[in-house]
Each structure stands twice: as C-alpha cells, then as structure tokens.
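Subject: Structure handover

Dear colleague,

Here is the structure I said I would pass on. My notes on what was found in it follow below.

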Amino acid sequence: MQNTINNLPKLAKDKHNESKKFFEKLKNKPPKNLDYVMEELHEAEFKRTDCLQCANCCKTTGPLFTDKDIERIAKYFKLKPQQFITQYLRIDEDNDYVLQSVPCTFLGADNYCSIYDVRPKACQEFPHTDRKKFQQISNLTLKNVAICPAAFNIVEEMKRRIKL
C-alpha cells in the first residue's frame, strides 16, 4: 500500500489534464444516471480498499470543521467549543476552522481515528465519490485523486465507463 501512496501524486499528475477535460465535459452534459453510476463505483471500490491500510488523507490533509462538528467533538471531550478550538484548531486563509497541524491529531499509529464516532462531516464523506450531483465537485475530486488511491481508481473507472 505504501508504494501505491508514494506513486499516487505522480500518477494523478500524469492523468490530470485527461481527468480535467473529462470533468469539464461531465459538468456540461452529466448523464441522467450519474448518481447511480457513482454510487456503484464507490461501493465496488470500497469493497476492495481498506482505509486502515492507507489513512493518507489523515496523514497529509486536514478536514474543515463546521460549527456542528466543533460542538459535537467538544462535547465528546467534555470541553466547551471554544476550548476545543483553542486546543486543536486554527482559522485558515479561507476563514475556515482546520486542524493546527497534519497529520491529524486524532490519528493513531494503527491508522485508527480516536474520534471516529464523532469525526467531522468532511471525514465521514471523504473522498466524496458517492456524493449526489458528483459533477459539481470536480475541482475537489481532482485534488482528492492525488491523496486517495480509492478516489483515483474510481475516477479512472468512471472515465472508462461513462462515454461523453
């Protein structure tokens, strides 16, 4: 798995222009069954992919924390939301709450998340490949294929299956 993760940025870069053109066409003319196809591709890939073998998303990027995330996680730690913010978060250039540093503070050496049951919505939904109206998040997906081997595989299979 580590070899795959190490090669992923180069693979994603090599396929970037092809994927970008595909997503531009997809935005202009999404197939009527796109949500179903994406759900199918997502489920098939995650039957083969074990995130605990990878956790590259947790090691290299941090999620955005919504106000609801902050309240839920602070409650889990028995902290006031402001205490949680002060201890773990910072405001980024887009004025969003993000982790003070990566890898994620809550990621264990075994790749398990210590706050899995209350993790941020962004973590719950990552890599967003089963999202409704998938064509609307192509810029995010182009970034995620360089981070997540499953997202990369889903996009490559998508390009094979969906003829535009």
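The model is a predicted one: local features need pLDDT of at least 70, side-chain atom pairs count only at pLDDT 80 or more, and totals for chains, interfaces and linings use all residues. Residues are numbered from 1 along each chain as its sequence is written, and side-chain values use heavy atoms, with hydrogens and water left out.

Thr-49 sits in the loop between α2 (34–48) and α3 (56–60). Helices (H or I, at least four residues) and strands (E, at least two) are DSSP runs, numbered from the N terminus. With 19% relative accessibility, Thr-49 counts as buried; buried means under 20% relative accessible area, exposed over 50%, and partly exposed in between (1.4 Å probe, protein chains only).

Glu-45 is one of the buried residues of α2, along with Leu-34, Val-37, Met-38, Leu-41 and His-42. These cover an arc of only 130 degrees around the axis, which puts them on the same side of α2; the arc is that of the directions from the helix axis to the C-beta atoms. Tyr-36 and Lys-47, on the other side of α2, are exposed. The buried residues of α2 pack against α1 (2–28) and α8 (149–161), contact meaning heavy atoms within 4.5 Å. From first C-alpha to last, the 15 residues of α2 reach 21 Å, close to the 21 Å expected at 1.5 Å a residue (the expected span is 1.5 Å times one less than the number of residues).

Two strands pair if DSSP finds at least two bridges between them; β2 and β3 (residues 97–99) have 3 bridges, in the antiparallel sense. Leu-89 has Leu-99 in β3 as its bridge partner.

The loop between β2 and β3 holds Asp-96, which is partly exposed at 28% relative accessible area. Beyond its neighbours within four places in sequence, Asp-96 is in contact with Leu-64, Arg-90 and Ile-91.

**Asp-69 and helix α4**

Asp-69 belongs to helix α4 (residues 67–76) and is buried at 2% relative accessibility. Its side chain reaches the backbone nitrogen of Thr-66 at 2.9 Å. Leaving aside neighbours within four places in sequence, Asp-69 is in contact with Leu-64, Arg-119, Pro-120 and Lys-121.

The buried residues of α4 are Asp-69, Ile-70, Ile-73 and Ala-74. They lie on the same side of α4, as they cover an arc of only 120 degrees around the axis. Asp-67, Lys-68 and Lys-75 are exposed on the other side of α4. The packing partners of the buried residues are β1, α5, β2, β3 and α6 (121–125).

**Backbone points to check against the model**

Most residues other than glycine have a negative phi, and most peptide bonds are trans. What departs from this is listed here.

- The peptide bond from Val-102 to Pro-103 is cis, with omega near 5 degrees; Pro-103 is in the loop between β3 and α6.
- Phe-126 and Pro-127 are joined by a cis peptide bond with omega about 5 degrees; Pro-127 is in the loop between α6 and α7.
- His-128, in the loop between α6 and α7, has a positive phi near 70 degrees and is buried at 9% relative accessibility.
- Ala-55, in the loop between α2 and α3, has a positive phi of about 55 degrees and is buried at 6% relative accessible area.

Best regards

How values were computed:
A polar contact is a pair of N or O atoms within 3.5 Å; within protein, one must be able to donate a hydrogen and the other to accept it, and residues adjacent in sequence count only if both atoms are side-chain atoms.
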